[in-house]
Amino acid sequence: MIEVLRAGLCDLVMDQGRPGRGGLGVPRGGAADPAALAAANRLAGNDATAAGLEITLQGPTLRFPRGGVVALTGARFAAVRSSGVTVAWNETLVLAAGETLRLDHAQTGCRCWLAVRGGLAVPQLLGSGSTFLPAGFGGLEGRALQAGDRLALGTGAGDMHLLRAHPPSSEADAPLRVVAGPQVDLFDDAGLAAFFGGRYQVGAASDRRGLRLSGPAVTHAKADLPSQGVLPGAVQIPPDGQPIILGWDGPVTGGYPVVAGVVTADWPRLAQLRPGDRVRFATIAREAARELAAAQWEIGDIA
Amino acid sequence: MGKYTRGQSHVHPAWRWVSDRGLRVPTGEATLACYGTLVSQDFPEVEDIIPADDSLLLVLRRGECVSAELAAMLTSPPADAPVSSGRLLEIAVEYGGRAGPDLPVVADLAGIDPAAYIKRHSDADYKVAFLGFQPGFPYLRGLPDVLRTPRRASPRVRVAAGSVAVGGVYTGIYPAAGPGGWHIIGRTAAVLFDPQRDAPALMKPGDRVRFVPQ
C-alpha cells in the first residue's frame, strides 16, 4: 500500500492504455510514453503492462508503510527520500518500511513514471487500468491523486533484481517529424510556409487531450469539413490558425483540417513538452516514418 | 505476420495518411459496411478502426503496412455486408424547458413552433453513423432538413449528461456532463456510456434510434 501525503499537479494511474476502442469514442490513452512506463515496470520487477503513476511537472509525496520496490523513468524531478538522499532515476530502488518519496518539480521535461513492485491494483475498465480524465473513469475513481488517497498494490511481480536502465537518446532540439496530413491540400503556400518554417510555443492550456501551440498562423481555405477519425499526434488547425497537436486522451473524431501528423517515434518527445517550450516541424515520407524503430530501453543488472 | 507482405503498402491514391499509423479511407455510403467487415474479420495489421463522416480511420499497428487483403476489402467492400445492426433503440426524451433550453431558438431558426419541432424530431427515424467527441456520443443521421442548425456561436461550458442536441446535419446525445457546442433541445435519462457495463456504449454504429417524447 502507498499513502499519498501530498498530491502533485496531476498524478494519474496509467498503464499501456486501451487500444481498439476508437469505435466507441474511447481513445487509447495510457502512459504518454508507454516505453518509459514499461521500462520502469521492468526495473520494479513487473510485467510491462502493470499500472504505475504518470507524474506531471510537480510530483507528490508518497509514503510506503511496508516499504517497497520502485523505479522512476522519464523526466528527472527534484526528488528526495526520507533519509535526505536524492532519488536515483532509471534504477531499482528498495524502500524501507515507513520511507517516503518526495517528488518536487520537473528539472527538465514534463513527465515521469513511477512503477511499484506488484503494480498498482486498480479495476480494469475496457481492458485497462488507465485514468481517462475527460470522461472520469479508470485508474483511481477516474481522477488524479489527492492527499489522503491509499493505493493498493498487486501481487503479480516476478523475481527481484537490482536493475539499471539506459534510456534511448533523444535530440530535444530537433524538429518534430511529421507526415503530411489528409487535408494538406486545403492549405495555401503561405500557410504551409508558416507551419513548416515557424517556431511554435507550447501554450499553458495544454494537457493530455492536446498541446496548444501559438506562433505563425497557419492559413487555409475555409471549408466545412466532415468529421474524420483522428489519432494522437494529428496536428489540427482551428479557424484561428494556431495548431493543436492531439494528445493521448484527445477525441477520436474531429472536424478541423489536419495539416500533418507527428510520427509515432516522436510521441515520447511530445510527452516531455511543457508550456513555454518551442517546437518546429519537419516532414518525412510515411514509408520512412514507418521504418523508424521504436526507441530501445536497455536494461541490465546494476554492476 | 508471415502471410502478409511487409515493406509493401497497398495504398489507393485517394487514401491519406494521418501520421505514420493513421490511414484515412474515404468510404462514402459503404462506411458502415466496411466498418462491420473490418470488425468481424480482424486484420492483424489493424489496431483500431474509427468510423466517421463517410470515411474510416484505420490505425495500423506500429511498423505495419496495408496488406493486399485489407486493401482489396477497402476498395471493393462486400456488397452483402450489413449496414444496419438490426437493433432499434427507443430513447425517452423530455423536450424543452430546463431540459432543452435551446428548443425555442432552433424552432425559431426552423420557422416552426416548439411543439412542431418536437414532433418533427421525434417522428424521424435515425441511424447511428459513428461515435465520437466523447465516449459513447452518437452522431445520428436522419435529421429532417428543416431541423438542421449551425452550432452555437459560443459553446456552453457545461452541458448536462443525457442532453439531446442538434448540430449541423446531426442530432446526438451527450453521454457525460461537459462543454458542448450543439443546441440542446431535451434530455434523456438513458445512460449512453458506462465503462462498467459489458457493452459500455449504449449505441453502436448501424443501430436505429427513435426519440419518444415524455
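Chain A is divided into domain 1 (2-166) and domain 2 (176-291), with bounds that come from an automatic or database domain assignment. The model is predicted: local features need pLDDT of at least 70, side-chain atom pairs count only at pLDDT 80 or more, and totals for chains, interfaces and linings use all residues. Residues are numbered from 1 along each chain as its sequence is written, while chains are lettered from A and ligands numbered from 1 in the order in which they are written.

**Domains of chain A**
- The centres of domain 1 and domain 2 of chain A, taken over C-alpha atoms, are 29 Å apart.
- Their contact involves 18 residues from domain 1 of chain A and 12 residues from domain 2 of chain A, where contact requires C-beta atoms, placed from the backbone, to lie within 7 Å.
- On the side of domain 1 of chain A that touches domain 2 of chain A, there are 10 nonpolar, 5 polar and 3 charged residues. Nonpolar covers Ala, Val, Leu, Ile, Met, Phe, Trp, Tyr, Cys and Pro; charged covers Asp, Glu, Lys and Arg; polar covers the others, Gly among them.

**Chains A and B**
- Contact between the chains joins 34 residues of chain A to 37 residues of chain B.
- The side of chain A that touches chain B comprises 20 nonpolar, 12 polar and 2 charged residues.

**Pro26(B)**
- Pro26(B) counts as partly exposed because it has 18 C-beta neighbours inside 10 Å; buried means 20 or more other C-beta atoms within 10 Å, exposed 12 or fewer, and partly exposed in between, with C-beta atoms placed from the backbone.
- Not counting residues up to four places away in sequence, Pro26(B) touches Ala14(B), Asp54(B) and Ser55(B).

Notes: Two residues are in contact if their C-beta atoms, placed from the backbone, lie within 7 Å.
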